[in-house]
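Hi there,

Here is the structure I promised to pass on to you. Have a look at it first, and then read my notes below.

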Amino acid sequence: MKLTLGEIARELDLELKGDASIEIGGIANLADAGPGELTFLFNSSYKKYLGETRASAVVVRAQDADGCAIAALISEHPRMTWALVARLFDPTPVPEKGTHSMAIVAKSAETGENSSIGPNVVIEANAVLGKNVILGAGCYVGEGSRIGDNTRVFPNVTIYHDVHIGKDGIVHSGVVLGADGFGFEFDPKTASMVKIPQVFGVRIGDNVEIGAGTTVDRGALNHTRLGDNVKLDNQVQVGHGTTIGANTVISGCTAIAGSTRIGSWCLIGGGVGIIDNIEIVDQTEITAMTLVSHSITEKGRYSSGTGLMPSRAWKRSIVGFSKLDELIKRVRGLESRSRE
Amino acid sequence: MKLTLGEIARELDLELKGDASIEIGGIANLADAGPGELTFLFNSSYKKYLGETRASAVVVRAQDADGCAIAALISEHPRMTWALVARLFDPTPVPEKGTHSMAIVAKSAETGENSSIGPNVVIEANAVLGKNVILGAGCYVGEGSRIGDNTRVFPNVTIYHDVHIGKDGIVHSGVVLGADGFGFEFDPKTASMVKIPQVFGVRIGDNVEIGAGTTVDRGALNHTRLGDNVKLDNQVQVGHGTTIGANTVISGCTAIAGSTRIGSWCLIGGGVGIIDNIEIVDQTEITAMTLVSHSITEKGRYSSGTGLMPSRAWKRSIVGFSKLDELIKRVRGLESRSRE
Amino acid sequence: MKLTLGEIARELDLELKGDASIEIGGIANLADAGPGELTFLFNSSYKKYLGETRASAVVVRAQDADGCAIAALISEHPRMTWALVARLFDPTPVPEKGTHSMAIVAKSAETGENSSIGPNVVIEANAVLGKNVILGAGCYVGEGSRIGDNTRVFPNVTIYHDVHIGKDGIVHSGVVLGADGFGFEFDPKTASMVKIPQVFGVRIGDNVEIGAGTTVDRGALNHTRLGDNVKLDNQVQVGHGTTIGANTVISGCTAIAGSTRIGSWCLIGGGVGIIDNIEIVDQTEITAMTLVSHSITEKGRYSSGTGLMPSRAWKRSIVGFSKLDELIKRVRGLESRSRE
């Protein structure tokens with residue numbers, strides 16, 4: 001797949017400085033790009049590397065283009081241009097339309113037009129799939145579940161019963177949607193844990209992307225909900241009955257317990273833990289590996305944990321941490337003596 | 001599926017205040033429940049919301065039932081009643097008995113009566129399945145593995161060889177049981193890591209539930225063991241040769257390294273890390289995201305980490321943390337001077 | 001499977017003290033080993049337990065063998081001997097050669113000689129598999145992906161398009177290689193997140209082991225790379241475009257964000273978080289649950305977090321932590337007053 005710089009400039013409505021006939025076969029970062037590739041200058045501070053790149057052309061801001069030795073596409077938003085150019089060179093295969101002969105689709109299930117149902121897919125009774133849906137090999141769709149138009153589900157995804165996924169979504173491999181939430185009640189009579197059946201489902205909005213290995217549990221007293229445009233990275237865990245507001249973005253390996261309400265336009269880092277039954281307001285930002293142990297009522301940026309240290313010094317600090325309360329009392333004692 | 005309030009009261013042996021003929025089609029939380037639904041008042045402090053609910057009936061403690069405007073089922077343990085009522089309305093589909101024509105079952109494998117083996121299931125030689133076992137689509141059962149009576153395995157679970165699962169268990173999708181533990185030995189002669197074969201298996205007791213995406217490794221010098229009634233949430237990791245005592249409950253995304261012995265009736269929060277080769281006594285509670293870096297010999301509640309803070313203030317605290325040792329010395333200096 | 005002690009001694013070139021005709025049927029740890037089993041004394045401080053073991057023989061260092069009541073194999077490196085002996089007793093089944101009748105292999109895909117392609121495997125167009133490759137049931141291999149000679153992929157692994165795995169590797173169940181990296185760009189015009197297509201793939205070296213449930217994303221502007229001999233434990237997450245140097249070992253549930261460069265011979269603990277776009281030098285060691293929030297330019301051992309404490313005392317410490325900055329100022333105040 002090759003495009004000329006002129007074609008790319010026209011397609012994305014960008015100014016071109018240089019030879020419009022140069023053929024571009026792909027994109028790459030500044031350091032690795034070679035002949036026939038288009039690269040990007042996202043940050044003016046890397047401008048010095050422009051002289052060294054072997055790329056055939058670069059996407060740059062106007063102010064960084066002066067003296068650029070190679071052909072340049074001028075963009076005020078090189079990262080957005082990147083997203084758009086990358087679409088032109090995206091090699092992700094699109095499977096054939098139709099239902100594979102090795103797929104097992106219940107009679108009462110509906111599949112929309114132009115959908116692609118891969119081999120070893122199992123679709124249970126009363127499931128409803130929209131138009132242009134792609135279900136990769138080995139996916140399982142439980143009873144009565146629904147997948148909206150244009151949503152792509154990569155291979156080996158498991159969707160339990162009563163899980164609704166909106167339109168234009170992407171679900172990556174290894175994802176499990178609608179497994180039972182984690183609910184037990186201790187029975188003192190029998191001294192045992194009694195399972196609380198998780199009778200609600202999962203409701204996922206439009207244009208949601210869910211990363212590989214992520215799990216979203218079904219609800220016990222209300223549906224677990226992901227709003228429109230939510231983006232979950234890999235190996236995220238969403239507990240039963242939790243709600244994630246529209247446009248919220250959550251990085252990898254973050255664990256969210258049950259019945260928590262996360263607002264819209266939140267930015268949640270990787271490895272974060274969020275406890276159950278709390279509320280987080282819109283536009284909250286949480287840094288990586290923070291434990292959110294109570295509700296957040298004011299938007300802003302929140303953190304917990306400590307900074308990275310050489311282990312030897314860190315060991316002294318954690319000893320100090322364990323004596324912090326005592327230390328504060330000693331300082332208080334010194335202060336009262338110094339006031340005497 | 002509909003039941004009258006009278007039927008529910010009889011089934012669960014509860015006192016009913018109100019019209020026994022009211023039809024109930026499901027359950028929901030106080031805020032969302034509508035006509036035809038039964039809701040729950042778990043906490044007296046939410047009693048004020050009883051006036052607003054649109055539910056047809058509520059499960060309440062006797063002391064909260066006075067002046068309740070809707071029909072009430074009186075229970076001294078509303079959460080336990082919830083667990084029992086939810087069973088009546090649980091829509092989880094039960095697949096047909098029998099072995100699907102697209103399942104591949106080794107001749108030497110045994111499947112018990114009334115079991116349900118879904119499509120694309122693979123069962124290897126000498127595996128033994130009890131009565132009423134349900135194996136969802138796409139599950140793999142390795143050589144010589146065993147699954148006890150009434151255990152349900154949801155779709156796309158992978159069970160390696162020599163893994164025994166007890167009776168009455170639930171294994172959710174994406175689970176991997178019996179993959180190799182993580183064991184290597186550095187060989188100075190070849191300057192390379194040599195794999196230590198993990199020759200033992202996994203032994204799981206009765207009535208164990210394992211959440212979606214959880215992994216339990218096989219052992220190297222002894223079996224990895226989960227006791228009866230253990231409950232593991234989603235994306236938990238259990239290392240090789242580790243033992244988890246009966247009735248212990250572990251929340252999502254907790255990682256347990258190898259050869260560790262966790263007692264019975266422990267309550268371990270989400271995102272916890274537990275290092276290898278330690279011992280944790282019975283009835284230990286660990287709060288979310290704690291690192292357990294040494295054995296726990298006295299039962300109780302344990303924690304590590306720091307509290308949630310606005311990031312700006314937190315940055316000052318982590319600088320302080322890195323200087324804690326120095327700070328303690330300075331306080332000591334002040335103290336000795338103040339004593340002069 | 002049984003071997004005599006004499007055969008084991010010859011095979012591993014070890015000195016034998018005791019009866020060469022003793023039959024050994026397996027290995028086990030000191031506490032559990034019984035008659036017919038071989039055990040190991042890794043640590044001289046456990047020498048006292050040698051008197052109690054019911055094992056038929058033990059692997060010991062020469063200095064620990066005196067007065068050993070059972071037969072002994074003398075090894076200067078008992079742990080390395082363990083790795084080699086365990087191979088002799090490894091029961092991991094090796095599936096039959098050939099392509100199962102229920103596998104679906106694209107015409108243009110190449111499979112090497114002596115390979116074993118299990119049931120329900122799907123191999124897409126132009127994929128290339130080497131000799132002696134084993135693909136377990138339900139695996140998916142995307143378009144143009146490659147798997148080197150002797151690599152074993154356990155059941156239910158998902159390999160997207162353009163993922164190359166080297167020779168002699170092991171990939172455990174539930175692994176997902178080559179899912180999209182997590183990349184979006186906010187478009188102020190439409191107030192929405194635009195997906196950045198992840199057009200690069202994954203390149204994995206030789207002799208790499210990848211644990212169950214681990215995810216390695218494909219790259220956006222360069223390939224995601226794992227060097228030769230890299231070992232990843234279960235549920236590790238590797239972000240797009242990240243590079244992990246040869247021989248680096250990473251424990252379970254560690255999350256690595258995108259575009260980060262990790263050196264060779266690093267030892268990274270479990271539950272660690274590593275942010276994006278940083279560099280970690282060779283031979284860096286990171287302790288469990290550390291957050292690596294900036295580049296590491298000097299080799300050594302690094303940590304973050306706090307120590308394990310009883311929760312009641314810990315709560316006082318976290319209050320102290322939140323006031324650390326103020327505390328430092330108070331100490332400074334005391335110091336300046338004490339100097340007056």
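**Where the strands cross between chains**

In β39(B), Pro310(B) is the bridge partner of Tyr302(A). A word on terms: helices (H or I, at least four residues) and strands (E, at least two) are DSSP runs, numbered from the N terminus, and two strands pair if DSSP finds at least two bridges between them.

Before going further, please keep in mind that this is a predicted model, in which local features need pLDDT of at least 70 and side-chain atom pairs count only at pLDDT 80 or more, while totals for chains, interfaces and linings use all residues. Residues are numbered from 1 along each chain as its sequence is written, and chains are lettered from A and ligands numbered from 1 in the order in which they are written.

Back to that pairing. Strand β38 of chain A and strand β39 (residues 309–310) of chain B pair in the antiparallel sense, over two bridges. Besides the pair above, Ser303(A) has Met309(B) as its bridge partner. β38(A) also has a partner inside its own chain: three bridges join β36 (residues 284–286) of chain A to β38 (residues 300–303) of chain A, and these two strands run parallel. There, Thr284(A) stands opposite Gly300(A).

Now look at β39 of chain A. Two bridges join β39(A) to strand β38 (residues 300–303) of chain C, and the strands run antiparallel. Pro310(A) is partnered by Tyr302(C) in this pairing.

**The sheet in chain A**

Chain A has an open sheet of 10 strands with parallel pairing, in the order β9-β11-β14-β17-β20-β25-β28-β31-β34-β37. Which strands are at the edges? They are β9 (104–105) and β37 (291–292) of chain A, each of which pairs on one side only. To see one step of this sheet, find β28 (residues 237–238) and β31 (residues 255–256) of chain A, which run parallel and are joined by two bridges. Val238(A) has Ile256(A) as its bridge partner in β31(A).

**How the chains touch**

How many residues does each chain bring to the contact of chains A and C? Chain A gives 62 residues and chain C gives 62 residues, where two residues are in contact if their C-beta atoms, placed from the backbone, lie within 7 Å. On the side of chain A that touches chain C, the elements giving two or more residues are α2 (78–88), β39 (309–310), α3 (311–322) and α4 (324–339) of chain A. α4(A) gives the most to this side, with seven residues. By class, this side of chain A has 29 nonpolar, 24 polar and nine charged residues. For these classes, Ala, Val, Leu, Ile, Met, Phe, Trp, Tyr, Cys and Pro count as nonpolar, Asp, Glu, Lys and Arg as charged, and the others, Gly among them, as polar.

Chains B and A meet as well: 62 residues of chain B are in contact with 62 residues of chain A. On the side of chain B that touches chain A, α4(B) supplies the largest share, seven residues.

**A pair of helices**

α4(A) and helix α4 (residues 324–339) of chain C pack at an angle of about 35°, with their axes 10 Å apart. The axes are lines fitted to C-alpha atoms, for helices over the stretch in contact, and angles run from 0 to 180 degrees between N-to-C directions. Among the residues that meet here are Ile328(A), Val331(A) and Leu334(A) from α4(A), and Leu327(C), Val331(C) and Leu334(C) from α4(C). The residues of this helix contact divide into six nonpolar, one polar and three charged.

**Symmetry**

What rotation superposes chain A on chain C? A rotation of 120° does, with 0.0 Å of shift along its axis (RMSD 0.0 Å). That is the relation of a three-fold axis. Copies are superposed by least squares on the C-alpha atoms of residues with pLDDT of at least 70 in both. Of the residues of chain A, Gly305(A) comes closest to the rotation axis, at 3.2 Å (C-alpha). A rotation of 120° with 0.0 Å of shift along its axis likewise superposes chain B on chain A (RMSD 0.0 Å).

Happy exploring!
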